[in-house]
Amino acid sequence: MTLPYVLVLVADPAQGTLSKDAIDIARNMVKGKNPVVLSSGEAVEIPCPAPAPGAPTIATIRATLARHKVDALLVKTRGRRKAVLVADMDSTILNGETLDEVASLLGVGDDVAQLTLDTMNGKLDFEDSLRTRVALLEGKSAACLEEVWQNSTLNTGARTLVQTMNAHNARTALVSGGFTYFTSRVAEQCGFAEHYGNEFEIVDGIFTGKLAAPVLGPDSKEEHLNRLLEERGVKASAALTTGDGTNDLPMLAVAGLGIAYKGKPKVRQMIDMQVNHSTLRAHLFAQGYPASVFVS
C-alpha cells in the first residue's frame with residue numbers, strides 16, 4: 001500500500017554528500033519506510049504516514065537536519081508532479097539582483113541595494129520601493145544593461161528544472177519583479193515558455209527614472225499564476241511556484257507546492273516548503289523525478 005506522504009531529503013553535492021546519518025535521523029522522525037534513492041549522494045525520498053498529533057513538524061525536522069546542510073520537504077504522494085511552474089527571477093533563477101547590479105555600475109549601488117533588501121524582507125511596499133529605486137537611475141546611460149547581463153549567472157539547476165518540466169508537459173513561466181530586459185534573456189537560456197517583468201523607460205539610451213508600464217508586483221504574480229492554471233485547466237494544487245522575497249508570498253501561498261528558495265527571513269517564517277542548502281534540482285526531487293530523467 002502506498003503511504004500518503006514522502007519526506008524528500010536533498011543535499012548540494014558541491015557542499016557534501018547526503019549522509020546515512022542524516023537519512024536515518026529523518027527516517028526515525030517520520031517513522032518512514034526504506035529510503036528510495038533519487039540521486040546518489042544527493043537526494044532520497046522516504047515514504048511515510050501522515051503526520052500524527054505530537055509528531056515532529058517539518059520545521060523541527062528541517063532544524064534538526066540543518067547541521068548536515070540537508071533540505072527536507074514533506075509532500076503528499078498524490079499529485080506530486082505539477083502541471084504549472086511559475087518562478088521568480090532575481091536570487092531564484094538568477095544568482096543575484098539585477099537592478100542592484102545596474103545601480104552599482106551607475107554609482108548608486110548602496111542606496112538601491114538597501115532598498116531592495118528592505119523590500120524583499122517586507123519592510124517596504126514593493127511598488128513604492130521599485131519606483132524609488134528606478135528614479136535613482138534618472139539621467140544615466142542604459143548601456144550598462146548589457147554588461148550586467150554578461151556578468152549574470154544562472155543558479156545551479158535552473159535550466160534543468162525548466163527543461164525537465166517542459167519535457168513532462170508542464171507550462172513554465174518566469175514572472176519577475178525585475179525587468180524584461182533580463183527576463184527575456186533568462187527565459188531563452190532556461191527554456192521558459194513565457195516571461196513577464198517590469199519595464200524601464202529609456203529614451204535615447206538614457207534612463208528617465210520612470211517605468212514604461214504598470215508595476216508587476218506581488219498581486220500580479222498571483223494573477224499570472226491563476227491565469228496559467230485556468231488556461232491549463234488545473235487547480236492550484238497542480239502548481240509549483242518558487243521565489244525568495246516577500247513579493248513572492250502570494251503565489252507561494254496559493255500553489256500546491258510553493259517553495260521558498262533560499263528565502264528572506266520573513267518568507268521562511270511563512271512558508272513551510274523551503275530549500276535553504278541545496279540547488280534548484282530539489283524542486284524536481286520534491287515532485288518525485290529521479291535524476292536519471294532530468295533534462296538539461
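Contact, as the word is used in these legends, means heavy atoms within 4.5 Å, and helices (H or I, at least four residues) and strands (E, at least two) are DSSP runs numbered from the N terminus. The model is predicted, so that local features need pLDDT of at least 70 and side-chain atom pairs count only at pLDDT 80 or more, while totals for chains, interfaces and linings use all residues. Residues are numbered from 1 along each chain as its sequence is written, and side-chain values use heavy atoms, with hydrogens and water left out.

**View 1. Helix α7 and its cover.** Helix α7, residues 158-167, is mostly covered, with 7 of its 10 residues buried (under 20% relative accessible area, where exposed is over 50% and partly exposed lies in between, with a 1.4 Å probe and protein chains only). The buried residues of α7 are A158, T160, L161, V162, Q163, T164 and M165. What covers them includes the strands β5 (84-87), β6 (171-179) and β10 (239-243), together with the helices α8 (180-190) and α12 (282-286). After α7 comes N169, whose phi is positive, near 70°.

**View 2. Helices α3 and α4.** The axes of α3 (residues 98-105) and α4 (residues 109-120) come within 7 Å and cross at roughly 165°, where axes are lines fitted to C-alpha atoms, for helices over the stretch in contact, and angles run from 0 to 180 degrees between N-to-C directions. The residues L99, D100, A103 and S104 of α3 meet G109, V112, A113 and T116 of α4. By class, this contact of α3 with α4 has 4 nonpolar, 3 polar and 1 charged residues (Ala, Val, Leu, Ile, Met, Phe, Trp, Tyr, Cys and Pro count as nonpolar, Asp, Glu, Lys and Arg as charged, and the others, Gly among them, as polar).

**View 3. T119 in helix α4.** T119 is found in helix α4 and, at 1% relative accessibility, counts as buried. Leaving aside its neighbours within four places in sequence, T119 is in contact with L124, F126, S129, R133 and T246.

**View 4. Helices α1 and α2.** Helix α1 (residues 20-30) and helix α2 (residues 58-65) pack at an angle of about 160°, with their axes 10 Å apart, and the two are therefore roughly antiparallel to each other. The contact is made by A22, I25, A26, M29 and V30 of α1 and by T60, I61, T64 and L65 of α2. These residues of the contact of α1 with α2 divide into 7 nonpolar, 2 polar and no charged.

**View 5. S220 in helix α9.** S220 lies in helix α9, residues 218-232, and is buried, with a relative accessible area of 17%. S220 and G177 are 43 residues apart in sequence, and their C-alpha atoms are 9.2 Å apart in space.

**View 6. Two loop residues with positive phi.** Most residues other than glycine have a negative phi. S91, although it is not a glycine, has a positive phi of about 65°, and is found in the loop between β5 and α3. K262, which is not a glycine either, has a positive phi of about 50°; K262 has its place in the loop between β11 (257-261) and α11 (265-270) and, at 38% relative accessibility, counts as partly exposed.

Methods. Angles under 35 degrees count as roughly parallel, over 145 as roughly antiparallel, 65 to 115 as roughly perpendicular and the rest as oblique.
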